[in-house]
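Dear colleague,

Please find below the sequence and the structure that I am handing over to you. My findings follow directly after them.

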Amino acid sequence: MTGQRADARRNYSRILAVAEAEVARHGAAASLEQVARTAGVGSATVRRHFPTRQALLEAVFQERIQALCRRAAELHRTEGSRAALLEWLHDLVAYAVSARGFADALTYEPPTDRPDGAPDSCGAQLADAAAPLLAHALDDGAVRPGTTFHDLLTLAVGIALATEHYTEPSVQADRLFTLAVEGLSPSP
């Protein structure tokens, strides 16, 4: 944002603050026009800063994406590749359940491990951060061979979207996450 006029920086900050509140209330379906009205700017100003709904959602969730990336780096330095990967994946599920619109924002990602043309997208940032965790777990034989980051992202997003209308979505999400990790069969 350096190099922008002071009023453009203020508009960006105001739009982003309003968008965060609107997305918290309405999820990914938050109205860009409502964001513009509440921020006191025209819809063209919103679109100049955020040309697509996805761009706005990515900006809204950028701080948490960075926190998840830092968490992946911390966990990569710990022992137990499977436990580290599962702890990070659980953190991702928990955030996707608690932040309205986040799971929807991740569903915009194409079904590949590395979205083309979107190296700074939420999914690409998470993929870069989780890659060492997943590679370590794969090398250790701690997860099923052939498991991809996109598999893990699909699992997290699916759990979040499937539980969002429950009275206690985090409780149901934890249950489904455990079921996915441990499997359907009872322990011997």
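**Two helices side by side**

Helices H4 and H7 are roughly parallel to each other, because angles under 35 degrees are counted in that way. Please bear in mind throughout that this is a predicted model.

Two packed helices are described by the angle between their axes and the distance between the axes. Here, the axes of H4 (residues 53–76) and H7 (residues 122–139) cross at roughly 10 degrees and come within 9 Å. On the H4 side, the contact is made by Glu58, Gln62, Ile65, Gln66, Leu68, Cys69, Ala72, Leu75 and His76. H7 contributes Cys122, Gln125, Leu126, Ala129, Ala130, Pro132, Leu133 and His136. Sorted by class, the residues of this contact comprise 11 nonpolar, five polar and one charged.

Which residues lie closest to the centre of the largest pocket? This pocket has a volume of about 370 Å³. Of its 13 lining residues, those closest to the centre are Val143, Arg144, Thr147, Ala180 and Val181. Helices H5 (81–98), H8 (149–163) and H9 (169–182) are the elements that give two or more residues to the lining. The largest share, four residues, is supplied by H5. In terms of class, the lining of the largest pocket consists of nine nonpolar, one polar and three charged residues.

The second largest pocket has a volume of about 180 Å³. It is lined by 14 residues, and Ala99, Arg100, Gly101, Asp104 and Glu164 are the closest to its centre. At least two lining residues come from each of H5, H6 (102–107) and H8. By class, the lining of the second largest pocket has eight nonpolar, three polar and three charged residues.

**Salt bridges**

How many salt bridges does a search of the whole structure find? The search finds six. A salt bridge joins the side chains of glutamate 33 and arginine 47, with an N to O distance of 3.6 Å. Glutamate 33 belongs to helix H2 (residues 32–39) and arginine 47 to helix H3 (residues 43–49), so the pair ties together parts that are 14 residues apart in sequence.

Yours sincerely,
A colleague

Technical notes. Residues numbered from 1 in each chain as written. Predicted model: local features only at pLDDT ≥ 70, side-chain atom pairs only at ≥ 80, totals over all residues. Heavy atoms only, no water. 1 Å grid on protein atoms, 1.4 Å probe; cavity = no way out; pocket = protein on both sides within 12 Å on 5 of 7 lines; lining within 4 Å. Points joined across faces, edges and corners; volume = space filled by probe spheres on them. Nonpolar A, V, L, I, M, F, W, Y, C, P; charged D, E, K, R; others polar. Axes fitted to C-alpha atoms, helices over the stretch in contact; angles between N-to-C directions. Parallel < 35°, antiparallel > 145°, perpendicular 65-115°, else oblique. Contact = heavy atoms within 4.5 Å. Salt bridge = Lys/Arg side-chain N within 4 Å of Asp/Glu carboxyl O.
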